Amino acid sequence: MQGAGPEEAGLEREEAGEVARLISYAAILAVSIFLFFDARGLPTSRWEVLGAGAFPQLVFGLLSALSGLAIVGSLRKLSLAGASGFAAAAAGWLRRRYLVPVIAACFGGYLLAIPQVGFSVATFVFLLATQLVLAPRRWTSFLLALVVALLFSFGLNALFAEVFNVFLPRGA
């Protein structure tokens, strides 16, 4: 039994690209909706009739609308195979590009950890984890990742504190 022909492979690649675009449109929509509602909390002054959040709300509202339209267009371009075809295409895309969600999850965890454990510890763990995920599995690459993580976490914190008198978050 032979593999898929060039036409079928091209169709799969095109559909996987459309799934990737759909996922990115959904992420942009979610972030823009969050920022739209977050802009309502901007302080107002007595000189601004609309308030400080009016322009950001306009921008994020338009971005949300455009993202919604892009999602509809992307769903229309996907094959008519239905939800199972979409799920299979999304799962195939994630299998081939597993590093994208892994690094995104590491970065999300890093952003959530900074206020809790401080810049130095969160940055050290983030840099070490991402380098270990991306680097070849050798002792030399592990030692290099450890040195880079130490320099760019604790070393950068010391540089900012001692030279620039800027204190990075210390954690709770």
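Colleague: Buried means under 20% relative accessible area, exposed over 50%, and partly exposed in between (1.4 Å probe, protein chains only). By that rule, is Leu-128 buried or exposed?

Modeller: Leu-128 is buried, because its relative accessible area is 15%. The model is predicted, so local features need pLDDT of at least 70 and side-chain atom pairs count only at pLDDT 80 or more, while totals for chains, interfaces and linings use all residues. Residues are numbered from 1 along each chain as its sequence is written, and side-chain values use heavy atoms, with hydrogens and water left out.

Colleague: Before we go on, how many helices and strands does the protein have?

Modeller: There are six helices and zero strands, and the pattern along the sequence reads α-α-α-α-α-α. Helices (H or I, at least four residues) and strands (E, at least two) are DSSP runs, numbered from the N terminus.

Colleague: What share of the residues is buried?

Modeller: Of the 172 residues in the protein, 23% are buried. The protein exposes about 12,200 Å², and carbon and sulfur atoms supply 71% of that area. Accessible areas come from the Shrake-Rupley method with a 1.4 Å probe; for residues, only the protein chains shown count as cover.

Colleague: And what share of the contacts joins residues at least 24 apart?

Modeller: The share is 65%, taken among contacts between residues at least 6 apart in sequence. A contact here means heavy atoms within 4.5 Å.

Colleague: Back to Leu-128, then. Where is it found, and which residues is it in contact with?

Modeller: Leu-128 is found in helix 5. Leaving aside neighbours within four places in sequence, Leu-128 is in contact with Ala-145, Leu-146 and Ala-149. Leu-128 and Val-147 are 19 residues apart in sequence, with 9.1 Å between their C-alpha atoms.

Colleague: Which residues of helix 5 are buried?

Modeller: The buried residues include Phe-119, Phe-124, Phe-126, Leu-127 and Leu-128, along with Ser-120, Thr-123 and Gln-131. The buried residues of helix 5 pack against helix 4 (99–117) and helix 6. As for its dimensions, helix 5 has 16 residues and reaches 22 Å from its first C-alpha to its last, close to the 22 Å expected at 1.5 Å a residue. The expected span is 1.5 Å times one less than the number of residues.

Colleague: How many residues does helix 6 have, and where does it bend?

Modeller: Helix 6 covers residues 139–162, which makes 24 residues, and reaches 33 Å between its end C-alpha atoms, close to the 34 Å expected. Helix 6 bends by about 30 degrees at Gly-155. The bend at a residue is the angle between axes fitted to the seven residues ending there and the seven starting there.

Colleague: Which residues of helix 6 are buried?

Modeller: Ser-141, Ala-145, Ala-149, Ser-153 and Ala-161 are buried in helix 6. Helix 5 (119–134) is included in what covers them. Ser-153 counts as buried because its relative accessible area is 0%. Not counting residues up to four places away in sequence, Ser-153 touches Phe-119, Ser-120, Thr-123 and Phe-124. The C-alpha atoms of Ser-153 and Val-125 are separated by 8.9 Å, although the two residues are 28 apart along the chain.

Colleague: Why does Leu-150 count as partly exposed?

Modeller: Leu-150 counts as partly exposed because its relative accessibility is 40%. Its place is in helix 6.

Colleague: Where in helix 4 is the kink?

Modeller: The kink in helix 4 lies at Leu-111, shortly before the proline Pro-115, and comes to about 25 degrees. The 19 residues of helix 4 should span 27 Å at 1.5 Å a residue, and the end C-alpha atoms are 25 Å apart, which agrees. Just after helix 4, Gly-118 takes a positive phi of about 95 degrees.

Colleague: Which residue other than glycine has a positive phi?

Modeller: Asn-165 has one, near 55 degrees. Most residues other than glycine have a negative phi. Asn-165 is found in the segment after helix 6 and is exposed, because its relative accessible area is 56%.

Colleague: Lastly, is Ser-74 buried or exposed?

Modeller: Ser-74 is buried, with a relative accessible area of 1%. Ser-74 has its place in helix 2 (residues 54–77). Not counting residues up to four places away in sequence, Ser-74 touches Glu-18, Leu-22 and Tyr-25.
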